[in-house]
Amino acid sequence: MAIESLQRDGFLTTRLDEVINWARKNSLWPMPMGISCCAIEMMATASPRFDISRFGSEVMRFTPRQCDVMIVAGTVTYKMSQVVRKIYDQMPDPKWVISMGACASSGGMFRSYAVVQGIDQFIPVDVFVAGCPPRPEALLQGLMALQRKIEKDRTIGSLVNREQVWIPESPAAGKAGQPA
Amino acid sequence: MTNSDLIEKLKARFGETILAAEEFRGDLTITVKKEEIVGVAEFVKTEPDLAYDLIIDALGVDMYRPEGRFEVVYVVYSLSHKRYLRLKVRVGEEDPVVPTVTGVWPGANWHERETFDMFGVRFAGHPDLRRLYMPEEFEFHPLRKDFPLMGIPDSLPLPRR
């Protein structure tokens, strides 16, 4: 149907959420939080053999202000947790977190006083990737899991439907009320 | 200079200060009174036929015993004679203070900071005795034998969720 109208009229109709999520999930710019050996596998994931750019995530940026997804690749100590959180806080919304490997997810083999036993104690994690270290394929699978998660996100589209966004000059303005 | 010559020389110079000297497979360990460690260090560094001019490591040991609970071990090396020497002092729990050897070997600076961080042994006269590994506001010394493996709950702050 949509394709026919595109051919006939030059436009198609779809849900705003679909378009926004489609755009978001296919250009996830990672913040490479490479803290230990998992970072080597993360670098391999960016190499031509595994080629993370097939998923639109090849643009690793070393400033959090240009990133969408933080890949925490390595052992997070209590001392480092403050830094990880600060960098996470500097990323603009919407943002996601991949916890890569056993150390970041659970402390891994470092069952000790110095290591945080799972980064979900201080940042919200979207995808946990198992392995010590995970192979690049596993990280890519985690990335694809995150993409499927983003597909289901409710963005501004559904907020407009539920009249939670105040849009001036729109017919719905009268009954939508002020922004929260 | 053989190990026994070195022991003779130190005993002739320092006498009662040298508490023990033991040799294990050619490696010599000299136990010194902790008050005199700087003098002995100065001597083994400046004496031309000893010339232990490089500090390899300074570390703590928790023997977990009533008398002289901690030991501080200095591993030094002579670049000209290609020989190692271990100097050792015993430190009681009630007064865990050792004079610093940073005046003799500046390289001991971070090693002594590490020993302070992990064991709580303080080094009198150290120019910058801050913790090396743990956060500065941390109150405990993790490599002590009575410190639990998983740490003290809530002693290390996490960021807000």
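What covers the buried residues of H3(B) includes strand S3 (54-62), strand S4 (70-78) and strand S7 (122-124) of chain B. A residue counts as buried if 20 or more other C-beta atoms lie within 10 Å of its own, as exposed if 12 or fewer do, and as partly exposed in between, with C-beta atoms placed from the backbone. Helices (H or I, at least four residues) and strands (E, at least two) are DSSP runs, numbered from the N terminus. This is a predicted model, in which local features need pLDDT of at least 70 and side-chain atom pairs count only at pLDDT 80 or more, while totals for chains, interfaces and linings use all residues. Residues are numbered from 1 along each chain as its sequence is written, and chains are lettered from A and ligands numbered from 1 in the order in which they are written.

Ten of the twelve residues of H3(B) are buried, so the helix is largely enclosed by the rest of the structure. Among them are His111(B), Phe116(B), Met118(B) and Phe119(B), along with Glu112(B), Arg113(B) and Asp117(B). After the helix comes Gly120(B), with a positive phi near 75 degrees.

Chain B as a whole has three helices and seven strands, in the order α-β-β-α-β-β-β-β-α-β from the N terminus. Its C-alpha atoms fill a box of roughly 60 × 30 × 30 Å along the principal axes. Of the 161 residues in chain B, 28% are buried.

In chain A, helix H2 (residues 16-25) packs with helix H6 (residues 136-151) at an angle of about 160 degrees, their axes 9 Å apart. Axes are lines fitted to C-alpha atoms, for helices over the stretch in contact, and angles run from 0 to 180 degrees between N-to-C directions. H2(A) and H6(A) are therefore roughly antiparallel to each other, a label for angles over 145 degrees. Asn21(A), Arg24(A) and Lys25(A) in H2(A) meet Gln147(A), Ile150(A) and Glu151(A) in H6(A), where contact requires C-beta atoms, placed from the backbone, within 7 Å.

Definitions and conventions:
Two residues are in contact if their C-beta atoms, placed from the backbone, lie within 7 Å. Angles under 35 degrees count as roughly parallel, over 145 as roughly antiparallel, 65 to 115 as roughly perpendicular and the rest as oblique.
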